[in-house]
Amino acid sequence: MKIALLSIGPNSYSNRRMVFEAEKRGHAIEVVNYLRCYLKVTPNESSIYYEGRALDYFDAVIPRIGASYTFFGTAVVRQFEIMRTFCLNSSLGITRSRDKLRALQTLARKGFMIPDTGSSHSTNDVGGLIDTVGGAPLVIKLVEGTQGLGVVLTKTRKASESVIQAFCGLKSDILVQDFIGEAGGADLRLFVVGDKVVASMQRKAAKGDFRSNVHRGGSTQKIKITEKERQMAIDSSKALGLQISGVDIIRSKKGPMILEVNSSPGLEGIESTSGENVAEAIIRYIERKAARRKRRDEKEIQT
Ligand SMILES: Nc1ncnc2c1ncn2[C@@H]1O[C@H](COP(=O)(O)OP(=O)(O)O)[C@@H](O)[C@H]1O
Ligand SMILES: [Mg+2]
């Protein structure tokens, strides 16, 4: 197979691992900087150009779209979809998961357990917004934040009001969420490929923090997940239309709850902690799906 890895960071651990495993299995894999691609969008021709070449020869695409480049990144993925190239995650799935509020709305509507969540644009009733999640302490998040940046815990009603007003004053889209204090700064990361959880780990926040993100100094360890957590991860990934995802689950006293579903989950922490070969699982999955796509190419394109 010929595989395109859409990424702006060719030397990241995740990319190196996927390139290694793909080549080991006899595939040709190319890292394509999607920010340097250009698109031809006409009724007669849909193509993508990169470094003077038309990218019309790939059997499969692995999108690794950075949070800062969702708009153009998903446009490139959409163009591959229009060209009928198999994409590991769809442009629609990536768009849905990037916006935390949109993803939580979808998950809540489908009955998934999530921490109570509220959102507003204006500050005309901050008190009412705080009450949607049962008052302080609460967590305030930027709707498009990642790696724990823009996730704030406020312990009092007064502090919550100030931070909400500050974010809104900066014209940021935010959501507020019930703080799951009983989790003690820990959550689970489940790595989903297709309809399987191929690896999982627990993450624990550094002392003095409540965010478990590795980028914020969180530590990781092996963990046994329950059947319910496994099923939640698979189902939530499917609900957002993703074939590969990293699902964050927090253990609350009411049971496991989904915090978010990431469409470009990193491989480093999860491979080293779980001991699983996640990169190989991804390549094997693409082999199965891209071959099937070649055989019967009738799937509706959603834009
Ligand atoms: N409602 C919450 N209650 C307790 N901890 C939370 C809550 N929401 C987020 N966290 C902690 O903050 C981390 C980052 O939040 P998350 O929503 O995953 O944003 P990001 O996209 O920045 O990773 C989570 O991994 C978790 O440790
Ligand atoms: Mg997260």
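**Notebook: loops, sheets and cores in a predicted model**

K171 sits in the loop between α6 (157-169) and β11. I checked its backbone too: phi is positive, about 60°, although K171 is not a glycine.

**Another positive phi**

Where does Q147 sit? I found Q147 in the loop between β9 and β10. Its phi is near 55°, again a positive value in a non-glycine residue. Buried, partly exposed or exposed? I get 13 other C-beta atoms within 10 Å of Q147, so it is partly exposed; exposed would need 12 or fewer.

**Cis peptide**

I went through the omegas next. A cis peptide bond links A136 to P137, with omega at about 0°. Most peptide bonds are trans. P137 belongs to the loop between α5 (126-132) and β9.

**Q165 on helix α6**

Then I looked at Q165, which lies in helix α6. Q165 has 12 other C-beta atoms within 10 Å, so I file it as exposed, the limit being 12 or fewer. What does Q165 contact beyond its neighbours within four places in sequence? I find T123 and V126. I also noted the C-alpha separation between Q165 and S122: 8.8 Å, for two residues 43 apart along the chain.

**The four-stranded sheet**

I traced an open sheet of four strands, in the order β8-β11-β9-β10, with antiparallel pairing. Its edge strands are β8 (117-118) and β10, each of which pairs on one side only. From the β8 end, I count two bridges between β8 and strand β11 (residues 174-178), in the antiparallel sense. T117 has Q177 as its bridge partner in β11.

At the other end, strand β9 (residues 138-142) pairs with β10 over four bridges, also antiparallel. There L138 has T154 in β10 as its bridge partner.

Which residues of β10 are on its covered face? In strand β10 (residues 151-154), V152 and T154 are on the covered face, while V151 and L153 are on the uncovered one.

**The three-stranded sheet**

I moved on to another open sheet, with three strands in the order β3-β4-β5 and antiparallel pairing. The edges here are β3 (38-41) and β5 (53-54), each pairing on one side only. Strand β4 (residues 46-50) and β5 run antiparallel and are joined by two bridges. I noted that Y49 has A54 as its bridge partner in β5. Helix α2 (residues 70-82) packs on this sheet and touches β3 and β4; I get about 130° between its direction and that of β4.

**Cores**

I listed the nonpolar cores. The largest has 59 residues, and the members touching the most others are I3, L5, L6, V61 and I249. Helix α9 (residues 278-295) gives the most to this core, with six residues.

I took a closer look at I249. With neighbours within four places in sequence left aside, its contacts are D187, L188, L190, E229, M232, A233, P256, M257, I258 and L259. Apart from this core lies another one, of 11 residues, including L138, I140, I174 and L175.

**Whole chain**

I finished with the overall numbers. The protein chain has nine helices and 16 strands. Why call it as compact as a globular protein of that length? Because its radius of gyration is 20 Å, close to the 19 Å that the globule rule gives for 303 residues. The C-alpha atoms fill a box of roughly 60 × 45 × 35 Å along the principal axes. I count 40% of the 303 residues as buried. Of the contacts with a separation of 6 or more, 64% are between residues 24 or more positions apart.

Methods:
Residues are numbered from 1 along each chain as its sequence is written. Chains are lettered from A and ligands numbered from 1 in the order in which they are written. This is a predicted model: local features need pLDDT of at least 70, side-chain atom pairs count only at pLDDT 80 or more; totals for chains, interfaces and linings use all residues. A residue is buried if 20 or more other C-beta atoms lie within 10 Å of its own, exposed if 12 or fewer, and partly exposed in between; C-beta atoms are placed from the backbone. Two strands pair if DSSP finds at least two bridges between them. The radius of gyration is taken over C-alpha atoms; the globule rule is 2.2 Å times the number of residues to the power 0.38. Two residues are in contact if their C-beta atoms, placed from the backbone, lie within 7 Å. A nonpolar core is a set of buried Ala, Val, Leu, Ile, Met, Phe, Trp, Tyr and Cys residues joined through C-beta atoms within 7 Å. Axes are lines fitted to C-alpha atoms, for helices over the stretch in contact, and angles run from 0 to 180 degrees between N-to-C directions.
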